[in-house]
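Open the model in your viewer and keep the selection tool at hand.

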Amino acid sequence: MATMWNFLCVVNANLFNSSSPFLPLRINSNSNLRFRFRRATITSMCVPEDDVVVVGYGMTTVDFLATVDSFPNPDDKVRTTSFKVQGGGNAGNALTCAARLGLKPKLISKVGDDSQGHAIINELQRDAVDTSFVLVSKGGSSAFSYVLIDNQTKTRTSIYTPAHPPMMPDDQSQSTLLSAFDEARLVYFDGLTTNTALFIAQEAARNKIPILVEAETAKEGMDELLKLADFAVCSARFPKAWTHASSIPSALVYMLLKLPNIKFVIVTLGEDGCLMLERSAKEVADTKEEDIDCFFKSLYERKDDSLAVPTCISSVVKKFRANGIGTVYGRFFLGTAERIPDCELIDTTGAGDAFIGAIIYAICKNMEPEKMLPFAAQVAAAKCRAMGARTGLPYLTDPCLAAYLR
């Protein structure tokens, strides 16, 4: 095990000793090299659809991805079956996805002036992500992750090293933020660093730009950030950890009650799909209260397990009750994930980021939830068919997305 990590550390230290963003490809086979160059050519020809501008703030990294037959035990020595160096990070991945779907994203982030930072920026630019607002820290170091992909379980383990110095609120002036927000339809925050995110979100709120917050973990500052949000996408563990509710559906009721600005909350559940609670703008008179946990069970029973493609099961507007929490008027949705054959499932790294990138697109295109959730699930499934967070991200012209864009 130590030998493998030592090898990755040497790769990290020496792989980027050139200004060329394609230097990492020298470790791949010739076929991989040709593939990556073709991809860059295709990307450069992509023209954003309708020039819909979105802005994202958060993490962008270099990922060192190593695939092994099975995850090693302590003191084991294992061989990689494949290895790739690629851009990563929640915000970087989500905006790359949004760019491939035809939006015009701008990224607010910070990298070092090391060779990794230059490679991060060059890769984003090749995917038509505007990096004008990415700060390059003189003498700083860029963020990177070691990602170990288990071929047996199809899971991944990530070891993250943050950038130094981190982005601080005074790194961005008000005039710079106003320039970044120019014509923006939506501002997205990956929620990993809340102090600077809150400063930027407050400026977005003052300019009446809708805000999407990704919530992975309950941390200091997340309450204030979520209070500014119009939309939230949460990890499976976040709602119960943040609300202390007994179930995810009850936690969603709590979130809509505590966060009156939120229009909807989505919870991603991996291969089990997602749940969504959308606030109703109107209260329906004489509507019978429904216990949301009981209603979720009835909705789940309607799921057709024979279908491999993503689907969505929805309710009409109801008055949902969470015991000990309160009631809210809204619609409840159960979205399923694509059932990917084992032979096609390669890597789940960045699947959640792909899902959020697709949600960003769907919000900007005013997709109804019944179409938005299967669309986002399909985008995430396409990503899982290739190694790394970005290789498999589909373009808007991909035939697998055609059914959702009619």
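Predicted model: local features only at pLDDT ≥ 70, side-chain atom pairs only at ≥ 80, totals over all residues.

Residues are numbered from 1 along each chain as its sequence is written, and side-chain values use heavy atoms, leaving out hydrogens and water.

Select Thr-61 in strand 2 (residues 61–68); strands (E, at least two residues) and helices (H or I, at least four) are DSSP runs numbered from the N terminus. Is Thr-61 buried or exposed? Thr-61 is buried, with a relative accessible area of 1%; buried means under 20%, using a 1.4 Å probe and protein chains only. Now show what surrounds Thr-61: residues in contact (heavy atoms within 4.5 Å) include Gln-86, Ile-120, Phe-144 and Tyr-160.

Next, select helix 9 (residues 248–258) and helix 10 (residues 292–301), whose axes are 8 Å apart at an angle of about 125°. Axes are lines fitted to C-alpha atoms over the stretch in contact, and angles run from 0 to 180 degrees between N-to-C directions. Pro-249, Ser-250 and Val-253 of helix 9 meet Ile-292, Asp-293 and Phe-296 of helix 10.

Last, select helix 3 (residues 90–100) and helix 11 (residues 351–364): their axes come within 8 Å and cross at roughly 50°. Helix 3 and helix 11 are also oblique to each other. Among the residues making this contact are Cys-97 of helix 3 and Ile-356 of helix 11.

Definitions and conventions
Buried < 20%, exposed > 50% of the residue type's maximum accessible area, 1.4 Å probe, protein only. Parallel < 35°, antiparallel > 145°, perpendicular 65-115°, else oblique. Lists of a residue's contacts leave out its neighbours within four places in sequence.
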